[in-house]
Structures are given as structure tokens and as C-alpha cells.
Amino acid sequence: MKAQAVAFDQPCHSAYEKFIEITNHLQGEVLSAGTHSDVEAYLEEDGRELLRLLLQEHLASRGSGRVGEAVCGADGVVRPHKRDHLERSYQSVFGRVQVERTGYGQRGWPACFRWMPN
């Protein structure tokens with residue numbers, strides 16, 4: 001029987017895999033022979049990537065912000081035109097992440113988005 005890929009329907013799966021990678025590396029010979037500074041440098045870089053993955057997967061779990069067929073902005077203008085799958089990347093304190101959003105528009109008015117990170 002050939003090996004088969006298994007898909008995990010588990011939240012934060014990529015972050016979990018990164019965590020396992022980090023713990024395995026910490027138990028390995030390379031860092032065991034290294035200085036405390038070597039371990040700290042490794043954890044600073046790969047630990048930050050773990051945190052970035054957790055943030056990315058959390059943002060993905062929030063969805064695109066689609067709320068219906070139209071939205072009414074704070075300005076009172078109804079925006080009936082939807083654009084799904086708009087992506088925005090931003091630089092978090094952990095690294096660059098992507099956010100998928102749904103934008104609602106009306107000709108001559110700025111688009112509205114339900115949720116947008118700073």
C-alpha cells in the first residue's frame with residue numbers, strides 16, 4: 001500500500017506543524033551543542049514565525065466579512081456592489097500576513113469593509 005497524504009481539518013494546523021518542528025530542533029544535536037545565545041537566536045526567528053502562522057490562521061478563520069447583499073455605511077449610503085476575495089497584506093509585529101475581505105461599493109463612494117486590521 002502506498003503512503004497517502006492526510007488532510008487535517010484542524011485549526012492552526014500549519015502552526016502546529018511549526019511547533020513540532022521547533023521542539024524537534026530544540027532536542028536535536030545542533031542546538032544541544034550550541035550556546036544559550038544560539039538557542040535564543042533560533043527561538044527568536046522560528047518562534048516569531050510560529051506566532052505569525054497563528055495570527056495568519058486566526059485571520060483566515062474570521063472569514064472575509066461578507067454580511068449580505070448590500071451594506072449601509074456610516075455615511076448612510078447603501079453599497080450594493082460586492083467584490084469577494086479581495087486580499088490585503090499587512091506587516092504585523094510577527095511578519096507579513098494576508099487578510100481576505102469582501103468589499104461593498106457604490107459608484108462615486110469609497111468602499112466599505114466589515115473588518116480591516118490596522
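**Ring contact, hairpin and cores in a predicted model**

Me: In this predicted model, which ring does the charged end of R101 sit over, and how far is it from the centre?
Reply: The test asks for CZ of Arg within 6 Å of the ring centre and within 35 degrees of the ring normal. R101 has its charged end placed over the ring of F113, and the distance to the centre of that ring is 3.9 Å.

Me: How many aromatic pairs are there?
Reply: Ring centres must lie within 6.5 Å to pair. Under this rule the number of aromatic pairs is zero.

Me: Which residue stands opposite F113?
Reply: Strands β4 (residues 95-106) and β5 (residues 109-113) are paired antiparallel through three bridges. They make a hairpin with two residues between them, and G108 in its turn has a positive phi of about 85°. Opposite F113 in β5 stands G103.

Me: Which element gives the largest share of the largest nonpolar core?
Reply: That core has six residues, namely A15, I22, L31, Y42, L50 and L53. Two or more residues come from each of α1 (13-27) and α3 (36-61). The largest share is three residues, and the element giving it is α3.

Me: Which residues does I22 contact beyond four places in sequence?
Reply: I22 belongs to the six-residue core, as do Y42 and L50. With neighbours within four places in sequence left aside, the contacts of I22 are Y42, L43, D46, G47 and L50.

Me: How many residues does the second core have?
Reply: This core is separate, and its members include L59, Y90, V97 and V99. Its residue count is five.

Notes
Residues are numbered from 1 along each chain as its sequence is written. This is a predicted model: local features need pLDDT of at least 70, side-chain atom pairs count only at pLDDT 80 or more; totals for chains, interfaces and linings use all residues. Side-chain values use heavy atoms; hydrogens and water are left out. Rings of Phe, Tyr and Trp (its six-membered ring) pair if their centres lie within 6.5 Å; planes under 30 degrees apart count as stacked, over 60 as edge-to-face and the rest as tilted. Two strands pair if DSSP finds at least two bridges between them. Helices (H or I, at least four residues) and strands (E, at least two) are DSSP runs, numbered from the N terminus. A nonpolar core is a set of buried Ala, Val, Leu, Ile, Met, Phe, Trp, Tyr and Cys residues joined through side-chain atoms within 4.5 Å. Buried means under 20% relative accessible area, exposed over 50%, partly exposed in between (1.4 Å probe, protein chains only). Contact means heavy atoms within 4.5 Å.
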